[in-house]
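Please consider the following model with its helix packing, its sheet and its loops in mind. The explanation takes these topics in turn.

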Amino acid sequence: MIRTCISLIALFFATPLYAQEPPSNGFNAETILALKGLQLLDHRMNAIGYRLAAANTPYCTGKTAQTGLLLHAIDQYPDQAVARFALGFDGPVAINAVAPNSPGATAGLLPGDDILAIDGIKVEDIPLDDPAVASERANYRRIAAVNKRLEDALSQSDAALDILRGGAQTQVVVKSRPACPSRFQIEVSKDRGASANGKIVSVTSKMAEYFLTDDEFAAVVAHELAHNLLKHRNQLDAQGVNRGFFGQLGKSAGRIKSAEIEADRLSVWLMANAGYDPQAAVRFWTRYGKEHGKGIFSASTHYRWKKRVKLFEEEIAKMAAIGTVDGKYAPPLLIEAD
Ligand SMILES: [Zn+2]
């Protein structure tokens, strides 16, 4: 018996898996898997962000047309040959993700579709010297220009997209449907974090691996979206608040902390309106807090996790007391700001 085992092992080592058929494309499998893994996170982030932005539309100011499409450009990827192979680019710009129940999904668009033109303007011909785009890093200018062109088109009416799928060219019409403003993206980083700059909500790839469910993921996205909807970035800038290291001291710290409390309070209303379980905010921050203490957040600008959890519970009780109108909870922080 022992003899058979030994001979089997010898046989196994004698014929390595790729002895006859080495990989033919020359790409590193780990790089391909990393790109596909990142795309999976982008899909989840895009779906969750769109759902929160669309479901809370009645309460937002500054609404913008949201397609539910996350686009990407080949220039964003350091190794373009691997990106073409792994993500299926044929041209310079393609669809990375399509949020369920969004105008992009209704139009029948799919991840991997190449975008050839928007309202007849070829993506190659969209100028990169627009001031709104020129400030971007060089490899992000193309995607910024295409996103802006699509936003501009949809701010007028529906937009016609020429796409390429499986070698065949076709045209689809994406409906202009207003929703809460903000774009949603995964930021590749070894650090856990999430941020909101007034226009974009970012969650780091390292942070995303901490979520057990989409409801937990939504808790963090909703907190950051709340910062954008409450225009905290503009307010803090107008008050001359220093958000850097010195912002953790004195008056700036107090103003940042009150913005954080507002974002926590609003987040659970946004979640409930989008059909996410607001208790996931309690569960996530309890687990995270127990494992990390104050974790990624500074003590002088953020409540410790037990106090944050208490805020969520107070707001969830408020929602239960107020109840819904047309299936939605009207968030007091957005109603008052209106
Ligand atoms: Zn915050």
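In helix H11, Gln279, Ala281, Val282, Trp285, Thr286, Tyr288 and Gly289 meet Trp305, Lys306, Arg308, Val309, Phe312, Glu313 and Ile316 of helix H12; two residues are in contact if their C-beta atoms, placed from the backbone, lie within 7 Å. By class, this contact of H11 with H12 has eight nonpolar, three polar and three charged residues. Here Ala, Val, Leu, Ile, Met, Phe, Trp, Tyr, Cys and Pro count as nonpolar, Asp, Glu, Lys and Arg as charged, and the others, Gly among them, as polar. The model is predicted: local features need pLDDT of at least 70 and side-chain atom pairs count only at pLDDT 80 or more, while totals for chains, interfaces and linings use all residues. Residues are numbered from 1 along each chain as its sequence is written. Helices (H or I, at least four residues) and strands (E, at least two) are DSSP runs, numbered from the N terminus.

H11 covers residues 279–292 and H12 residues 305–322; their axes come within 9 Å and cross at roughly 170 degrees. Axes are lines fitted to C-alpha atoms, for helices over the stretch in contact, and angles run from 0 to 180 degrees between N-to-C directions. H11 and H12 are therefore roughly antiparallel to each other, given that angles under 35 degrees count as roughly parallel, over 145 as roughly antiparallel, 65 to 115 as roughly perpendicular and the rest as oblique.

The contact is made by Thr31, Ile32, Leu35, Lys36 and Gln39 on the H2 side and by Val82, Ala83, Phe85, Ala86 and Leu87 on the H3 side. Its composition by class is seven nonpolar, two polar and one charged residues.

The next topic is the sheet. Three strands, in the order S9-S11-S10, form an open sheet with mixed pairing; two strands pair if DSSP finds at least two bridges between them. Strands S9 (183–187) and S10 (194–196) are the edge strands, each pairing on one side only. From one strand to the next, the twist averages 15 degrees. Strands of a sheet pair through backbone hydrogen bonds, either parallel or antiparallel.

S9 runs parallel to S11 (residues 200–204), and five bridges join the two. Phenylalanine 184 has valine 201 in S11 as its bridge partner, and isoleucine 186 has valine 203. Phe184 and Ile186 belong to the covered face of S9, whereas Arg183, Gln185 and Glu187 make up the uncovered one.

On the other pairing, S10 and S11 are antiparallel over three bridges, and alanine 194 stands opposite valine 203 in S11. The hairpin of S10 and S11 has three residues between the strands, and glycine 198 in this hairpin takes a positive phi near 105 degrees.

Most residues other than glycine have a negative phi, and most peptide bonds are trans. Asparagine 101, although not a glycine, has a positive phi of about 60 degrees. Asparagine 101 is found in the loop between strand S3 (93–98) and helix H4 (103–106). Lysine 231 is not a glycine either, and its phi is positive at about 55 degrees; its place is the loop between helix H8 (214–229) and helix H9 (232–238). Asparagine 101 is partly exposed, with 13 other C-beta atoms within 10 Å, and lysine 231 is partly exposed with 16. A residue is buried if 20 or more other C-beta atoms lie within 10 Å of its own, exposed if 12 or fewer, and partly exposed in between, with C-beta atoms placed from the backbone.

Proline 111 lies in the loop between H4 and strand S4 (114–118). Leaving aside neighbours within four places in sequence, proline 111 is in contact with Ile95, Asn96, Ala97 and Val98. The C-alpha atoms of proline 111 and alanine 97 are separated by 5.1 Å, although the two are 14 residues apart along the chain. Proline 111 is partly exposed, with 18 other C-beta atoms within 10 Å.
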